[in-house]
Amino acid sequence: MAVRAAVLLLCCFTASYAADLTLSDETLFDLRWSGDLSEEIKKETQLPTEKLVMTTNNNEKYICHIPYVEKLTAEETNNQYSGPSATELLSELHNGKPCTYRIEAYWTYEVCHGKHVRQYHESKEEGKSIKLQQYFLGHFEKLEETRLDENGKAIPTVFQKNIEGKSYPMFPVRYTGGTPCDLKEGKPREVTILYLCSEEAHNDIIVVEEVATCTYDIVIQVKWLCRHPVYNVPTAVHHSVECYGMDGAPAKPTQLKKFETEQNNWKRTGVHYKITGDDGRIYIVQYSEDDPDVSTGPVVTINNQVPPNADTANPNQLRGSPLGTTTDQQLLREFLGGSNCLHGGQGWWKHEFCFRSHVKQYHQDQNGRQVINLGYWNEQKHLDWLTRNPAKKSRKNQITLHYGDGDICDLTKLNRHVEVRLICKEDSSRPHAVTIYLLEQSPCEYILGIESPIMCKLTEIATESGLIPSEFKP
């Protein structure tokens, strides 16, 4: 409501006075329509306000009371604080050198506070000893010396980091001199531990992120830091903007009332409309209050003409309808031909899969594109791999393919290679959704999983060796 109110306030009016307003996620405003000017006289505000006269596009005039909201800066907050510095608060944690762990699908992350940060994977084959793969992301040197201002007061070091769209104040500690990185000409890995205040925390690792090649951020929630107000997690505070009609204006602007009526109708019946794609196909799009996802179904046309019943189609019947066979065929044709490559990945590294061509891992920014070739397609080498690994042959609902001869791995001195798994995953409500993930099961040996309803047709016709018959023409 608060965000919506701010948007309406800015979009629906032209102000007769330009105020110096600062909007943030921590200070939220609720827009309230409180009647006419007679109500303004009766009501006393709890906070000092600034009065702004607003005029709608329909020339309806309102006077709005916007409260003054003062927010202390980090410096002002610190000046009011007389307790231990962040370095002193965390010394108990670092002196004890406890370790914190985060277990993910393949890697385990170990943060031994005041000692080191390690990334490792343990595997054990029956009858054999444990095989350990590990990288040290950094080693602890010392907590940063507390900086003092001209009055001898400690200056807090604050690192702001966004998590899920919200900025949090954190205390950074660098760990350097980790395992050499082959992608950075042997330069050592390094990691910054970002301590985040949480009263209920037990030294929990909540974020592990590769922010640059072989450079990491790890966010850990700790309770010790909460004693310092500069590192307290900001909480949203709501304030009311009271608006009163002037010169006979209705209690609420006409256009706003119309918008709210339409919105209520959408909630009851849903809404659908048409979108024409670049290829001339027309898509019926439906929104529903119960399901915010968009279900799309193109009405496949000839000469870009919509079927006669498209305008009057029942939107409830359109909901979740699969794309037509023409679209299915086009998607398969582009995928099998290699012109439609699939992309996935989050964070620093992304990955790209082009059928019968290659699998790549890459990072792209303003400085260019950094690429690691994980594997290339070669039909004969794939068949040879299946001969050595008969258990990998394709089965119902899954095609398994081998892509080899990737870039040389610095750890193993062998070529990287990928096992690609194309998996049929039925989902009538999202017929063209694709899930793609990449796992490193051992050094420079990968599994690329692709799950989608699009793959179901391929798994039906593929041979045991995972090959698509040449006569198949989507």
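In the hairpin formed by strands β3 and β4, where four residues lie between the two strands, N59 adopts a positive phi near 65 degrees. Helices (H or I, at least four residues) and strands (E, at least two) are here DSSP runs, numbered from the N terminus. The structure is a predicted model, in which local features need pLDDT of at least 70 and side-chain atom pairs count only at pLDDT 80 or more, while totals for chains, interfaces and linings use all residues. Residues are numbered from 1 along each chain as its sequence is written, and side-chain values use heavy atoms, with hydrogens and water left out.

Strand β3 (residues 49-56) runs antiparallel to β4 and is joined to β4 by seven bridges, two strands being taken as paired if DSSP finds at least two bridges between them. Within this pairing, T49 is placed opposite P67 of β4. Strand β4 also pairs with strand β18 (residues 237-246), again in the antiparallel sense, over five bridges, and here I63 has Y244 of β18 as its bridge partner. Of the seven residues in β4 (residues 61-67), six are buried, so the strand is largely enclosed by the rest of the structure. In this description, buried means under 20% relative accessible area, exposed means over 50%, and partly exposed covers the values in between (1.4 Å probe, protein chains only).

Helix α4 (residues 86-96) has the buried residues A86, T87, L89, L90, L93 and H94. Viewed down the axis of α4, these buried residues fall within an arc of 155 degrees, so they line one face of the helix; the arc is that of the directions from the helix axis to the C-beta atoms. An α-helix has 3.6 residues a turn, so residues three or four places apart point the same way. On the face of α4 turned away from the buried side are the exposed residues E92, N95 and G96. The cover over the buried residues of α4 includes β8 (130-140), β12 (166-176), β15 (190-197) and β17 (215-222), where contact means heavy atoms within 4.5 Å. After α4 comes K97, which has a positive phi, near 55 degrees.

The structure contains 12 salt bridges, a salt bridge being a side-chain nitrogen of Lys or Arg within 4 Å of a carboxyl oxygen of Asp or Glu. One of them brings together the side chains of K161 and E209, at 2.9 Å from N to O. Because K161 belongs to strand β11 (residues 159-163) and E209 to strand β16 (residues 204-212), this pair ties together parts that are 48 residues apart in sequence. K161 counts as buried at 9% relative accessibility, whereas E209, with a relative accessible area of 29%, is partly exposed.

A salt bridge is also formed between D405 and K381, whose closest N and O atoms are 2.6 Å apart. Since D405 lies in strand β26 (residues 398-405) and K381 in helix α8 (residues 379-388), the pair ties together parts that are 24 residues apart in sequence. D405 is partly exposed at 40% relative accessibility, and K381 is likewise partly exposed, with a relative accessible area of 41%.

In a further salt bridge, the side chains of R421 and E419 meet at 2.7 Å from N to O. R421 is partly exposed, with a relative accessible area of 22%, whereas E419 is buried, with a relative accessible area of 5%.
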